[in-house]
Amino acid sequence: MKEFALIFRLKDIADFKPSPEQMQERLNWLDNIASQNKLVDKGNTLLPLPGSAKTVRPDNLVTDGPYTEIKEFISGYVVIRAEDINEAVEIAKRNPIFSIGGSVEVREVLKRD
C-alpha cells in the first residue's frame with residue numbers, strides 16, 4: 001500500500017467555518033476511511049486568517065501567507081493509505097468538500113526512511 005496526502009482547497013473564506021452538519025459529514029467520511037484501516041493521519045486544519053501564515057522566498061523575502069497570491073487556499077489535509085492513486089482518487093471523490101465548492105488535490109507521499 002502507498003500513502004497519499006489529500007489536500008483540501010477552498011475558494012471562499014466564508015466556507016472555512018463549516019456548519020455542524022458539514023462537520024458531521026466530514027467526520028463520517030473520515031470514520032469510513034478509518035473503518036477500512038486506510039486512515040494514516042487525520043490531518044489538520046491550516047488557518048487562512050491574517051497573520052497565521054507567511055511565505056519565505058529566496059533572499060529572505062517574507063510575504064503574508066499564500067492566500068494573498070492565489071485564488072484558492074489550502075484549508076487542511078489528511079493522509080490515507082491506498083493501493084494506487086486511482087483508489088486514492090475514489091476515496092477523495094466521497095469527501096463532502098465538493099458541496100461547498102471546494103476541491104481535493106491527491107498527492108502520493110514519498111516516504112524517506
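These questions and answers cover the salt bridges in a predicted model.

Me: How many salt bridges does a search of the whole structure find?
Reply: The search covers the whole structure. K2 with E108 is one of the pairs found. The total is six.

Me: Which strands hold K2 and E108?
Reply: The side chains of K2 and E108 meet in a salt bridge, 4.0 Å from N to O. The two residues are 106 apart in sequence, so the pair ties together separate parts. K2 lies in strand β1 (residues 2-10) and E108 in strand β6 (residues 103-108).

Me: Is E108 buried, partly exposed or exposed?
Reply: Exposed means over 50% relative accessible area, and buried means under 20%. E108 has 47% relative accessibility. That value lies in between, so E108 is partly exposed.

Me: How many residues apart are E105 and R9?
Reply: Their side chains meet in a salt bridge, 2.7 Å from N to O. E105 sits in strand β6 and R9 in strand β1, and the pair links distant parts of the chain. The separation is 96 residues.

Me: Which helix holds both E90 and K93?
Reply: E90 forms a salt bridge with K93, with the closest N and O atoms 3.0 Å apart. The two residues are three apart, about one turn of the helix. Both lie in helix α2 (residues 85-93).

Me: Is K93 buried or exposed?
Reply: The cut-off for exposed is over 50%. K93 has 51% relative accessibility. By that cut-off, K93 is exposed.

Key:
Residues numbered from 1 in each chain as written. Predicted model: local features only at pLDDT ≥ 70, side-chain atom pairs only at ≥ 80, totals over all residues. Heavy atoms only, no water. Helix = DSSP H or I, 4+ residues; strand = E, 2+ residues; numbered from the N terminus. Buried < 20%, exposed > 50% of the residue type's maximum accessible area, 1.4 Å probe, protein only.
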